[in-house]
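User: I'm new to this one and would like to learn how to read it. Could you walk me through it, feature by feature?

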Amino acid sequence: MNSAGLSPNLALNQLVEQRRAAGESLVHLAFGEARLPLLPQLAEQLAIGAARTSYGPVAGSPQVRAAVAGYFARRRLPTDPDQIVVAPGSKALLMAIQLAIPGDVVLPRPAWNTYLPQVNYAGKRAFGVPIPAEYGGVPNPEALRDTLVRARREGGTPRLLILTLPDNPTGTLAPPEVIRQLCVLARAEDLLIVSDEIYRDIVHDPAATPFLSPAELAPERTIVVSGLSKSLGLGGWRIGVARFPGGDLGDRLRNPVLAAASELWSGLAAPMQQVAAYAYAEPPEITERIVDAARLHGQVARAVHRIAVEAGARCRPPTAGFYVYPDLEPLRPRLAARGITGSASLAEALLGESGIVVLAGHLLGDDPGALRFKAATSLLYGDEQQQSAALAAADPVALPQIQANLAQIAHGLARLTDQRSIAAEAKTGVTQ
């Protein structure tokens, strides 16, 4: 599925489209696209911006940078517009940062599947640090310290620490106390922090799940990367933003990234800057949509979490985004009887037997022998009309299209460990 070298989640998404076009019924959990109906006001802004065909500043127009600076200021991060860079997606910004800022990279393990390839493309080394049992996206501070010692002993030059707040793939958020410890450690070890906060506005219950950005504690060494693909479902429009530190140090980080940007993408498309300036100003309709979307994502993610736990998996309760990360280790003896011994064979069995498409854990840097996978729950809402109904529903989980998808997931997980299926396969030599 990734023989051409495509990013595995994009390769799986193309596979699903091809097989659905051929008539197959698949439950797609392998692609983290926030499929939401387009807000009419966003379409209006795109139309207004369509006449803007000229190149502009590489960092973005003064208007869009001022709007993004205001967005961060409302999140306890006072920001000057000159600290902002906009780009065609946060992925492009992350790549430019890797190319422009020297030093090896420390990654949480598992992590979003794009971080490691970008490190490799930049000719750097990556050092993975396992995430704690309670949350993902950031390493345990003690484990990070040990990894830095090992990396330097092996000749590495760890310089960048990537954190994901909230996390993709686990759908969890690291607690503020851990962020405080990591910021202290980053200063002591002279690490730059790249804080990927693209899911920040999809915390399911902000009152119960406090968010602390490392840029609040270590502003002089933190680059925050975000965008509109997750909070507003604008993935195909490719709008990303970055907030750099202020002052001379910030200029020394931002300027080489801008130089790389000038050679890679020149500037965010002017019509998209029109959209971004409007969205980051956060008029009431934008704020309302983000709140409604976070509620929908949370309710459906928790439903998938319940199904995984009822099937016997260990699974962190999701608190943000639209992911769950089940661990079927408690079911290993029964799965081994079916030849399922790691994440690749687990994903293959779910697809082949039940039409459930997931992203295997080893594709995220996890142990290939672990029985873990990422399930993106945001593709369960249906077509655009059904998505609108899901956003408006007090109990979207009860809607027919979502119920049908959840039932197929429950059936597929149950089938993995059905003793009758195991006996039938042993007798016939074929998978039912």
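**A first reading**

User: Let's start with Thr164: is it buried or exposed?

Analyst: Buried means under 20% relative accessible area, exposed over 50%, and partly exposed in between (1.4 Å probe, protein chains only). Thr164 has 2% relative accessibility, so it counts as buried. Keep in mind that this is a predicted model, where local features need pLDDT of at least 70, side-chain atom pairs count only at pLDDT 80 or more, and totals for chains, interfaces and linings use all residues. Residues are numbered from 1 along each chain as its sequence is written, and side-chain values use heavy atoms, with hydrogens and water left out.

User: Where does Thr164 lie, and which residues is it in contact with, leaving aside its neighbours within four places in sequence?

Analyst: Helices (H or I, at least four residues) and strands (E, at least two) are DSSP runs, numbered from the N terminus. Thr164 belongs to strand E5, residues 158-164. Contact means heavy atoms within 4.5 Å; with neighbours within four places set aside, Thr164 touches Tyr115, Gly136, Gly137 and Asp196. With Tyr115 there is also a polar contact, side chain to side chain, at 3.0 Å. That term means a pair of N or O atoms within 3.5 Å; within protein, one must be able to donate a hydrogen and the other to accept it, and residues adjacent in sequence count only if both atoms are side-chain atoms.

User: How many salt bridges does the structure hold?

Analyst: A salt bridge is a side-chain nitrogen of Lys or Arg within 4 Å of a carboxyl oxygen of Asp or Glu. The structure has 22 of them. Take Arg187 and Glu220, whose side chains meet at 2.8 Å, N to O. This pair links distant parts of the chain, 33 residues apart: Arg187 is in helix H7 (residues 176-189), while Glu220 is in the loop between helix H8 (214-217) and strand E7 (222-227). Arg187 is partly exposed at 41% relative accessibility, and Glu220 is partly exposed at 27%. Both belong to a salt-bridge network made up of Arg159, Arg187, Asp190, Glu220 and Arg221.

User: What about Arg338 and Glu353?

Analyst: Their side chains form a salt bridge at 3.2 Å, N to O. Arg338 sits in the loop between helix H12 (332-336) and helix H13 (343-354), and Glu353 in helix H13, so the pair ties together parts 15 residues apart in sequence. Arg338 and Glu353 are both buried. Asp366 and Arg372 make another salt bridge, at 2.7 Å, N to O; here Asp366 is buried at 8% relative accessibility, whereas Arg372 is partly exposed at 22%.

User: In which order do the 3 strands of the open sheet come?

Analyst: Two strands pair if DSSP finds at least two bridges between them. The order is E9-E12-E11, with antiparallel pairing. Strand E9 (323-324) and strand E11 (359-360) each have a single partner strand, so one side of each is left without a neighbour in the sheet. E9 pairs with strand E12 (residues 373-376) over 2 bridges, and Val324 has Ala375 in E12 as its bridge partner.

User: And how many helices and strands does the protein have?

Analyst: There are 16 helices and 12 strands. Of the 432 residues, 58% count as buried. The C-alpha atoms fill a box of roughly 70 × 55 × 45 Å, taken along the principal axes.
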